[in-house]
Amino acid sequence: MTLYEFNVLKLDEKQTIVLEKGIFLNNYINEGIRINCYAIDMIFVEVMYNAAHNVITQIRSFKSGDAFNKYLKIK
């Protein structure tokens, strides 16, 4: 699946793809928001959860760059 193919999907379709094909990599927690990062083929997908309401609020995808830095454990 390409980045473009993933981005044109509806939210519920993205959720299904992440559950079926996503490989969990790491998570990031900040101010009540939990972001899980998954790999699908050659793209990364962030699934944002509202911790207080336990709902998915957004799904973003990217290939590389600054969006991935928050998952690195560099001090």
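The model is predicted: local features need pLDDT of at least 70, side-chain atom pairs count only at pLDDT 80 or more, and totals for chains, interfaces and linings use all residues. Residues are numbered from 1 along each chain as its sequence is written, and side-chain values use heavy atoms, with hydrogens and water left out.

**Sheet**

- Four strands form an open sheet in the order β1-β2-β3-β4, and their pairing is antiparallel.
- The edges are held by β1 (23–30) and β4 (55–62); each has a single partner strand, so one side of each has no neighbour in the sheet.
- On average, neighbouring strands of this sheet are turned by 20 degrees against each other, direction ignored.
- Strands (E, at least two residues) and helices (H or I, at least four residues) are DSSP runs numbered from the N terminus, and two strands pair if DSSP finds at least two bridges between them.
- Seven bridges join β3 (residues 43–50) to β4 in the antiparallel sense.
- Asn50 has Val55 of β4 as its bridge partner.

**Helix on the sheet**

- Helix α2 (residues 11–21) packs on the sheet and touches β1, β2 (33–40), β3 and β4, where contact means heavy atoms within 4.5 Å.
- The direction of α2 makes about 65 degrees with that of β2; axes are lines fitted to C-alpha atoms, for helices over the stretch in contact, and angles run from 0 to 180 degrees between N-to-C directions.

**Loop residues with positive phi**

- Asp41 is in the loop between β2 and β3, and its phi is positive, about 55 degrees, although Asp41 is not a glycine.
- With a relative accessible area of 52%, Asp41 is exposed (exposed means over 50%, buried under 20%, partly exposed in between, with a 1.4 Å probe and protein chains only).
- Asn54, in the loop between β3 and β4, is also a residue other than glycine with a positive phi, near 50 degrees.
- Asn54 counts as exposed at 65% relative accessibility.

**Aromatic rings**

- There are two aromatic pairs, counted where rings of Phe, Tyr and Trp (its six-membered ring) have centres within 6.5 Å; planes under 30 degrees apart are stacked, over 60 edge-to-face and the rest tilted.
- Phe24 and Tyr38 have ring centres 5.7 Å apart and planes at 75 degrees, so this pair is edge-to-face.
- Because Phe24 lies in strand β1 and Tyr38 in strand β2, the pair ties together parts that are 14 residues apart in sequence.
- Phe24 is partly exposed at 43% relative accessible area, whereas Tyr38 is buried at 13%.
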